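Try each task yourself, then follow the solution step by step.

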Amino acid sequence: QAQLVESGGGLVQAGDSLRLSCAASGRTFSRYAMGWFRQAPGKEREFVAAISRSGGSTYYAGTVKGRFTFSRDNAKNTVYLQMNSLEPEDTAVYYCAAKPSSGSHSYYSTSSSYDYWGQGTQVTVSS
């Protein structure tokens with residue numbers, strides 16, 4: 001069972017950058033495909049980015065593609081979401097999620113695919 005803890009959120013201005021981290025407990029982190037989702041006030045949780053357990057495959061929502069970069073360090077049991085050129089529309093609580101994956105290059109973009117979730121970290125982008 002994975003326990004996930006996000007960090008790195010904060011209040012920034014439009015155009016700024018932030019890097020979110022998600023640290024996982026356990027010794028099987030490299031077996032998990034990982035995802036980032038976000039939820040803005042009054043809106044449903046939405047997919048942001050996904051990465052395969054190997055880190056070799058990534059997938060992004062169209063709204064963040066080209067601005068966000070998802071990476072992982074399996075030796076540190078941590079994934080990162082580098083967010084550049086932030087926009088007020090990126091304001092949300094960001095959650096990381098984990099799913100045991102048999103495919104080294106498989107990734108998942110639906111929230112129902114994931115088994116474990118972190119508590120979330122707030123990102124606020126002012127205009």
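**Exercise 1: rings that pair**

The count of aromatic pairs comes to 9, where rings of Phe, Tyr and Trp (its six-membered ring) pair if their centres lie within 6.5 Å; planes under 30 degrees apart count as stacked, over 60 as edge-to-face and the rest as tilted. This is a predicted model, in which local features need pLDDT of at least 70, side-chain atom pairs count only at pLDDT 80 or more, and totals for chains, interfaces and linings use all residues. Residues are numbered from 1 along each chain as its sequence is written, and side-chain values use heavy atoms, leaving out hydrogens and water.

Task: Classify the pair formed by Phe 37 and Tyr 114.

Solution: 
- Step 1. The ring centres of Phe 37 and Tyr 114 are 5.5 Å apart, and their planes make 80 degrees, so the pair is edge-to-face.
- Step 2. Now place the residues: Phe 37 is in strand E4 (residues 32-39) and Tyr 114 is in the loop between strands E9 (92-100) and E10 (116-117), so the pair ties together parts 77 residues apart in sequence. Strands (E, at least two residues) are DSSP runs, numbered from the N terminus.
- Step 3. Check the accessibility. Phe 37 is buried, at 1% relative accessible area, and Tyr 114 is buried at 6%. Buried means under 20%, exposed over 50%, and partly exposed in between (1.4 Å probe, protein chains only).

**Exercise 2: another partner**

Task: Work out how the rings of Phe 37 and Trp 117 are arranged.

Solution: 
- Step 1. Phe 37 and Trp 117 form a tilted pair, with 5.1 Å between centres and 55 degrees between planes.
- Step 2. This pair links strand E4 with strand E10, across 80 residues.
- Step 3. Trp 117 is partly exposed, with a relative accessible area of 26%.
- Step 4. Look over the face of Trp 117: Arg 45 lies there, 4.7 Å from the ring centre. A charge sits over a ring if NZ of Lys or CZ of Arg is within 6 Å of the ring centre and within 35 degrees of the ring normal.

**Exercise 3: an arginine inside**

Task: Is Arg 38 buried or exposed, and which side chains does Arg 38 contact through polar atoms?

Solution: 
- Step 1. Find Arg 38 in strand E4.
- Step 2. Arg 38 has 5% relative accessibility and counts as buried.
- Step 3. Its side chain makes a polar contact with that of Glu 46, at 2.6 Å. The side chains of Arg 38 and Tyr 94 are joined by another, of 2.9 Å. A polar contact is a pair of N or O atoms within 3.5 Å; within protein, one must be able to donate a hydrogen and the other to accept it, and residues adjacent in sequence count only if both atoms are side-chain atoms.

Technical notes
Helices (H or I, at least four residues) and strands (E, at least two) are DSSP runs, numbered from the N terminus.
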